[in-house]
Amino acid sequence: MIETHEIKAVQEAWGKAVVAVGAAPTWEEARSLAVKLAEELYAIDGGELLFCPTKASVNQFRASLKDVLSYFVGRDPDHEEDAGFALEPWSSVRFENAGIIEREDVGIAMGNYFFGRADGSELKVEYSFVYVRGAAGELRIQLHHSALPYQALSLIHI
């Protein structure tokens, strides 16, 4: 059974890893930390990852290590829109879960996470994550969907 405390531990590890990527002194070191983040926390093996990151619009659906790395640290000619989300740098990441569902072999969490900036402000992002167990029993993120909150624009008429 996947339990809430396990999901919260992965969320904390994910937030710390994103902050560490942005704090790296060089892009090469940031990339190395992003590889570690992806390989340790995402279900990349077997091509079963569903990753739809916050600031992607051209290639918004990702499934490979290469795709995930591009989003976090950029510099991939196949994903020219990626500036490297984790390179902001963020000073903190905190999760506010709207709900967590525990199932036998799947855990689901949805809510907001907040990315702290150096000036003290935060970027609020909505997320849905699905967690599964890896081969060694550790939790992995199999589905990652995040988006900026909806804002009605008076200039857009549907």
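Which residues are linked with R62 in a network of salt bridges? In this predicted model, R62 is joined with E81 and D82 in such a network, where a salt bridge is a side-chain nitrogen of Lys or Arg within 4 Å of a carboxyl oxygen of Asp or Glu. By this rule the model holds nine salt bridges, and three pairs are described below.

Because the model is predicted, local features need pLDDT of at least 70 and side-chain atom pairs count only at pLDDT 80 or more, while totals for chains, interfaces and linings use all residues. Residues are numbered from 1 along each chain as its sequence is written, and side-chain values use heavy atoms, with hydrogens and water left out.

| Pair | N to O distance |
|---|---|
| K16 and E12 | 3.0 Å |
| D78 and K66 | 2.7 Å |
| E122 and R94 | 2.9 Å |

K16 and E12 lie four residues apart in helix α1 (residues 4–23), so about one helical turn separates them; helices (H or I, at least four residues) and strands (E, at least two) are DSSP runs, numbered from the N terminus. K16 is exposed at 56% relative accessibility, whereas E12 is partly exposed at 49%; buried means under 20% relative accessible area, exposed over 50%, and partly exposed in between, with a 1.4 Å probe and protein chains only.

D78 and K66 form a salt bridge that links distant parts of the chain, with D78 in the loop between α3 (65–73) and β2 (92–102) and K66 in helix α3, twelve residues apart. D78 is exposed at 51%, and K66 is partly exposed at 41%.

E122 pairs with R94 in a salt bridge; E122 lies in strand β4 (residues 122–133) and R94 in strand β2, so the pair ties together parts that are 28 residues apart in sequence. E122 is partly exposed at 36%, and R94 is partly exposed at 34%.
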